[in-house]
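Hi everyone, thanks for making time for this. I'll walk you through one protein model today, so let's get it up on the screen.

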Amino acid sequence: MSSPTAPAPASDTPRRLSSDERREQIVRAAIAVFGARGYVGATTDEVAKAAGVSQPYVVRLFGSKESLFLAALDECLALLLSAFRAAVDDTTAEDPLQRRIGHAYVGLLEVRGLHQTLSHAFLLGAHPVIGPRARDGFARVWAFIRNAGFDPEAAREFLAEGMLITTMIGLRLVDDYDRDPRITEMFETCFPSKLAQVLEISPRGDDPW
């Protein structure tokens with residue numbers, strides 16, 4: 001009777017990422033860097049360092065900083081709309097639709113730089129390539145909100161509140177929470193049920209991105 005075969009020892013060699021996985025890793029790093037530095041201020045070298053790859057590799061995959069920014073913008077919009085869609089489809093939740101989508105928007109703070117990258121894109125309307133893509137993305141968000149059941153006024157209020165939240169995050173006002181009563185009031189008004197989460201995951205002044 002033969003003895004059972006011993007299991008092969010686990011390999012200490014990390015699994016090699018596929019090209020698609022590596023591309024996604026670089027795009028996520030780009031979202032963080034563009035969110036912090038803006039389109040003009042960011043460099044492909046910073047993105048490469050954040051992703052743990054070489055700068056020539058980033059250029060080989062994306063060709064230019066412009067193409068990389070467009071990929072980051074597309075990923076931000078895809079993540080945003082996917083989160084909104086999940087909130088709409090969650091029929092077991094007790095919260096009304098507007099609150100569910102609002103919570104989904106706040107939850108995306110887990111993706112470092114997402115809100116700020118969208119904000120940067122929406123300020124590049126005059127750019128001949130990024131401007132049209134950003135306008136289309138903003139219109140897609142509006143259309144999604146409307147199709148989800150928001151009337152025009154409710155959609156306007158939702159987007160206005162979202163832009164306020166994005167501005168607060170981009171300014172890193174969290175640094176002055178509990179020190180400046182104006183900012184404390186702002187946070188407690190905008191995040192009545194998610195304040196602890198927002199304070200924990202918001203980027204701060206000493207964060208690199």
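Okay, start with helices α4 and α7, whose axes come within 11 Å and cross at roughly 0°. This is a predicted model, by the way, so keep that in mind as we go. How do you put a crossing like that into words? Angles under 35 degrees count as roughly parallel, and α4 and α7 are therefore roughly parallel to each other.

Who makes the contact? On the α4 side the list includes Phe 69, Leu 70, Leu 73, Leu 77 and Leu 80. From α7 you get, among them, Ile 130, Ala 134, Gly 137, Val 141 and Phe 144. Sort the contact of α4 with α7 by class and you find 13 nonpolar, one polar and four charged residues. Arg 85 of α4 and Arg 133 and Arg 140 of α7 are among the residues in that contact.

Let's zoom in on one of those, Ala 134, which sits in helix α7, residues 130–147. Is Ala 134 buried or exposed? Its relative accessible area is 5%, and buried means under 20%, so Ala 134 counts as buried. Leaving out residues up to four places away in sequence, Ala 134 touches Leu 73, Ala 121 and Phe 122. And for a sense of scale, the C-alpha atoms of Ala 134 and Met 168 are separated by 21 Å, with the two residues 34 apart along the chain.

Ala 121 takes us over to α6. The buried residues there are Leu 114, His 115, Gln 116, Thr 117, Leu 118 and Ala 121. They pack against α1, α4, α5, α7 and α8.

Next up is α5, residues 97–107, where Arg 100, Ile 101, Gly 102, Ala 104, Tyr 105 and Val 106 are buried. What covers them? The cover includes α4, α6, α7, α8 and α10.

Helices α4, α6, α7 and α8 each supply at least two lining residues, with the largest share, five residues, coming from α8. By class, this cavity lining has eleven nonpolar, four polar and no charged residues.

Then there's the largest pocket, with about 320 Å³ of space. Of its 16 lining residues, Arg 99, Gly 102, His 103, Glu 161 and Cys 190 are the closest to its centre. Two or more lining residues come from each of α5, α8 and α9, and α5 gives the largest share, six residues. Here the class count is seven nonpolar, six polar and three charged.

Last stop, the loop between α8 and α9, where you'll find Arg 172 and Asp 178. Arg 172 has a positive phi of about 55° although it is not a glycine. Asp 178 isn't a glycine either, and its phi is also positive, near 75°. Which one is buried? Arg 172 is buried, at 15% relative accessible area, whereas Asp 178 is exposed, at 61%.

That's my tour, so over to you for questions.

Note on methods. Residues numbered from 1 in each chain as written. Predicted model: local features only at pLDDT ≥ 70, side-chain atom pairs only at ≥ 80, totals over all residues. Heavy atoms only, no water. Helix = DSSP H or I, 4+ residues; strand = E, 2+ residues; numbered from the N terminus. Buried < 20%, exposed > 50% of the residue type's maximum accessible area, 1.4 Å probe, protein only. Contact = heavy atoms within 4.5 Å. 1 Å grid on protein atoms, 1.4 Å probe; cavity = no way out; pocket = protein on both sides within 12 Å on 5 of 7 lines; lining within 4 Å. Points joined across faces, edges and corners; volume = space filled by probe spheres on them. Nonpolar A, V, L, I, M, F, W, Y, C, P; charged D, E, K, R; others polar. Axes fitted to C-alpha atoms, helices over the stretch in contact; angles between N-to-C directions. Parallel < 35°, antiparallel > 145°, perpendicular 65-115°, else oblique.
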